[in-house]
Amino acid sequence: MSKIAVVTGGSGNIGYAIAKSFYKLNYKVAILSVSKDSAEKAAKSIDSSEDNIKGFCCNVADEIAIENTLEKAYEIFGGIDILVNNAGILDLSSIEEMTVDHWDKVMAINLRGTFMTIQKSLQYLERSECPRIINISSNAGRMGGFENGMAYSASKGGIIALTYGLARKLAPKNITVNCVAPGTIQSEMLTVRSEEVQKKLLNRFPLGRFGTPEEVAAAVCYFASEEAGFTTGSVLDVNGGMFMG
């Protein structure tokens, strides 16, 4: 039987690569994005028929939107086996310039959105024979960011802490909870940075290059697999050797 996956932030670089990799594995995929147009466009670009992949508009900072979207995905596909929490925004604010509103916005999407999506998905995951939750954190959550703001680092560190806590709490339900922590990836988040900052970042990677969305997707596919059934509460670093620990 085909597995059914939900990918938040599924129209962006990493999320799109994850959705596409799942589709190649014959999964049915729900792509969630804050933009209906981008979600549907991403789904159609993977499969124009949209038989086994569909785009949904969902703002993960909105609890009701999450609940309604998951219900729709469940009704359309007949289940949810895998949840990938990839939705997130970058923060480049300096410590001095950070405002309460900006801090709250980053946390609402990156951290609260991850938790609320997990919470609302449990009723569906509990019915799955192979339930998986995979969170996307960041190298910034491991060791603090070099070129990003503190709200981003704090939110991504919080995702790792959530992964540990939820893995323990959900183990009796046979739901595994794991996390992928990418380093700098070739993505829109990279291109918003200046060439000077990109060069400084590149020099920090022992492998001498940035990662690709497909490399992150490969790590996610492992955690989603049946072979990963004995792996929970784990953080897989896909970061070119910047963090080793």
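## Segments and overall architecture

Helices (H or I, at least four residues) and strands (E, at least two) are DSSP runs, numbered from the N terminus. The structure described here is a predicted model. By this assignment, the protein chain holds nine helices and seven strands. Its radius of gyration is 17 Å, close to the 18 Å that the globule rule gives for 245 residues, so the chain is as compact as a globular protein of that length.

Along the principal axes, the C-alpha atoms occupy a box of roughly 50 × 40 × 35 Å. Buried positions make up 51% of the 245 residues. Among contacts with a separation of 6 or more, 71% join residues 24 or more positions apart.

## Lys-3, a buried charge

Lys-3 belongs to the segment that precedes β1 (4-8). Lys-3 is buried, yet no salt bridge is assigned to this residue. The nearest side chain of opposite charge is that of Glu-226, 4.1 Å away.

The side chain of Lys-3 does reach the backbone oxygen of Ala-224, at 3.4 Å. With residues up to four places away in sequence left aside, Lys-3 touches Tyr-27, Lys-28, Asp-81, Ile-82, Cys-130, Ala-224, Ser-225 and Glu-226.

## Cysteines

Cys-130, one of the residues touched by Lys-3, is itself buried, at 13% relative accessibility. Cys-221 also counts as buried, with a value of 16%.

A disulfide is a covalent bond between the sulfur atoms of two cysteines. The closest cysteine sulfur to that of Cys-130 lies in Cys-221, at 13 Å, which is too far for a bond. Seen from Cys-221, the closest cysteine sulfur is that of Cys-130, again at 13 Å and too far for a bond. The cut-off applied to a pair of sulfur atoms is 2.5 Å.

## Salt bridges

Four salt bridges are found in a search of the whole structure. One of them joins the side chains of Lys-120 and Glu-63, with an N to O distance of 3.0 Å. Lys-120 lies in helix α4 (residues 100-125) and Glu-63 in helix α3 (residues 63-77), so this pair ties together parts 57 residues apart in sequence. Lys-120 is buried at 14% relative accessibility, whereas Glu-63 is partly exposed at 38%.

Another salt bridge pairs Glu-126 with Lys-173, whose closest N and O atoms are 2.9 Å apart. Glu-126 sits in the loop between α4 and β5 (132-136), and Lys-173 in the loop between α6 (150-170) and β6 (176-182); the pair links distant parts of the chain, 47 residues apart. Glu-126 is partly exposed, with a relative accessible area of 42%, and Lys-173 is partly exposed at 41%.

Arg-142 and Asp-237 also form a salt bridge, in which the closest N and O atoms are 2.9 Å apart. Here helix α5 (residues 139-143), which contains Arg-142, is linked to strand β7 (residues 235-238), which contains Asp-237, across 95 residues. Arg-142 counts as partly exposed at 24% relative accessibility, and Asp-237 is partly exposed with a relative accessible area of 22%.

Definitions and conventions
Residues are numbered from 1 along each chain as its sequence is written. This is a predicted model: local features need pLDDT of at least 70, side-chain atom pairs count only at pLDDT 80 or more; totals for chains, interfaces and linings use all residues. Side-chain values use heavy atoms; hydrogens and water are left out. Buried means under 20% relative accessible area, exposed over 50%, partly exposed in between (1.4 Å probe, protein chains only). Lys and Arg count as positive and Asp and Glu as negative; His and the chain ends are not counted. A polar contact is a pair of N or O atoms within 3.5 Å; within protein, one must be able to donate a hydrogen and the other to accept it, and residues adjacent in sequence count only if both atoms are side-chain atoms. Contact means heavy atoms within 4.5 Å. The radius of gyration is taken over C-alpha atoms; the globule rule is 2.2 Å times the number of residues to the power 0.38.
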